[in-house]
Amino acid sequence: MNRLIKRVHEVWLETLMASFMSQASHTKQSLIEFSDIMFRHFTWLERYAITHNIVYDYDRDAIPIKVDKLEVILHDIIQRLRDIDLQLDYCEDEALKKRINTDIAYIIFAISQLPNETVSAFDMQRTLQGIELTPEATDALTLFLFEESYKEYELIMVYNYLKAHTQDKYLADIFNILIDESFFHFRSFGDMMAQMGILGVPRVICKESYEISDMASFLQNGIQEEIGAKEECRKLSEAVAKESPQLAQFFDFINHQENYHISLMNDALAYYAQEEDKYV
């Protein structure tokens, strides 16, 4: 079962990466929607594992995505989906198994109909269409995108794990908001990386990142990380402001979004402390 969860994790992430590569709006949107479905499959299988006391983790194998034609990665996604279909017997929930089976059948069909494209997401040209940045601003943007895309992927996984393991609706709602926000940032940064020719798969996260033993410390550290991310957004906005006011506005937009994330995490911290006090 753990292996099945890993395979679904991999195909979700690979499909999302493929959506960043595509420059055709219909193909990009289709791949985003299919990756969303696969992520739901991942969370449903995770819930099944939890309710059946099955040990699992967020480890995964390497996902090679460097291609020059989109059809290459689409073919690999289809093959991965077929492999998952064969492994579903590990799940004894017939309704869940049937749902994933039928989703896979349609997604394979739909992906096989998508047109081929030339992929430029790995050409290392490090420019954004219509925007000319100084070498210093380009370097700052490159570093920011690599660091923040990993951070957002990590946050998706960590908050998803916490949401899956809490019975508290208040905390689950906060984690769900933070997951949605991290998805938006991850997709935004992934699209920019693909445009710049520097797309990469985030590294695997370690168990210590999501198997939280001290929730209060985790939330306090998370707040400090968000404050740090705000500062990086501010610096980047200033670095690109002269060459691209539009890009500067985008990073100001991300910066301001972090304020609400900090507020939510403070709410979660206060609520968690209150719940802890009930048992002291």
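**A close look at one helix and its surroundings**

Modeller: Happy to! Let's begin with Asn160, which is found in helix 5; please keep in mind that this is a predicted model. Is Asn160 buried or exposed? Its relative accessibility is 5%, and because buried means under 20%, Asn160 counts as buried.

What does the side chain of Asn160 meet there? One partner is Glu46, whose side chain is joined to that of Asn160 by a polar contact of 2.8 Å. Another is Tyr58: here too the polar contact runs from side chain to side chain, at 2.9 Å. Both Glu46 and Tyr58 belong to the set of residues that Asn160 touches, along with Phe39, Phe42, Thr43, Leu155 and Ile179, if we leave out residues up to four places away in sequence.

The axes of helix 5 (residues 135–164) and helix 8 (residues 215–240) come within 11 Å and cross at roughly 155°. Angles over 145 degrees count as roughly antiparallel, so helix 5 is roughly antiparallel to helix 8. The crossing of helix 5 past helix 8 is left-handed.

Ile198 sits in the loop between helix 6 (169–196) and helix 7 (207–210). With a relative accessible area of 3%, Ile198 is buried. Leaving aside residues up to four places away in sequence, Ile198 touches Ala121, Met124, Arg126, Thr142, Leu145, Phe146 and Met193.

For one more loop residue, look at Ser22, placed between helix 1 (2–21) and helix 2 (25–51). Ser22 is buried as well, its relative accessible area being 2%. The side chain of Ser22 reaches the backbone nitrogen of Ala24 at 3.3 Å. Beyond four places in sequence, Ser22 touches Thr27, Lys28, Leu70 and Glu117.

Methods. Residues are numbered from 1 along each chain as its sequence is written. This is a predicted model: local features need pLDDT of at least 70, side-chain atom pairs count only at pLDDT 80 or more; totals for chains, interfaces and linings use all residues. Side-chain values use heavy atoms; hydrogens and water are left out. Helices (H or I, at least four residues) and strands (E, at least two) are DSSP runs, numbered from the N terminus. Buried means under 20% relative accessible area, exposed over 50%, partly exposed in between (1.4 Å probe, protein chains only). Contact means heavy atoms within 4.5 Å. Axes are lines fitted to C-alpha atoms, for helices over the stretch in contact, and angles run from 0 to 180 degrees between N-to-C directions. Angles under 35 degrees count as roughly parallel, over 145 as roughly antiparallel, 65 to 115 as roughly perpendicular and the rest as oblique. A crossing is left-handed if the near helix is turned anticlockwise from the far one by less than a right angle, and right-handed if clockwise. A polar contact is a pair of N or O atoms within 3.5 Å; within protein, one must be able to donate a hydrogen and the other to accept it, and residues adjacent in sequence count only if both atoms are side-chain atoms.
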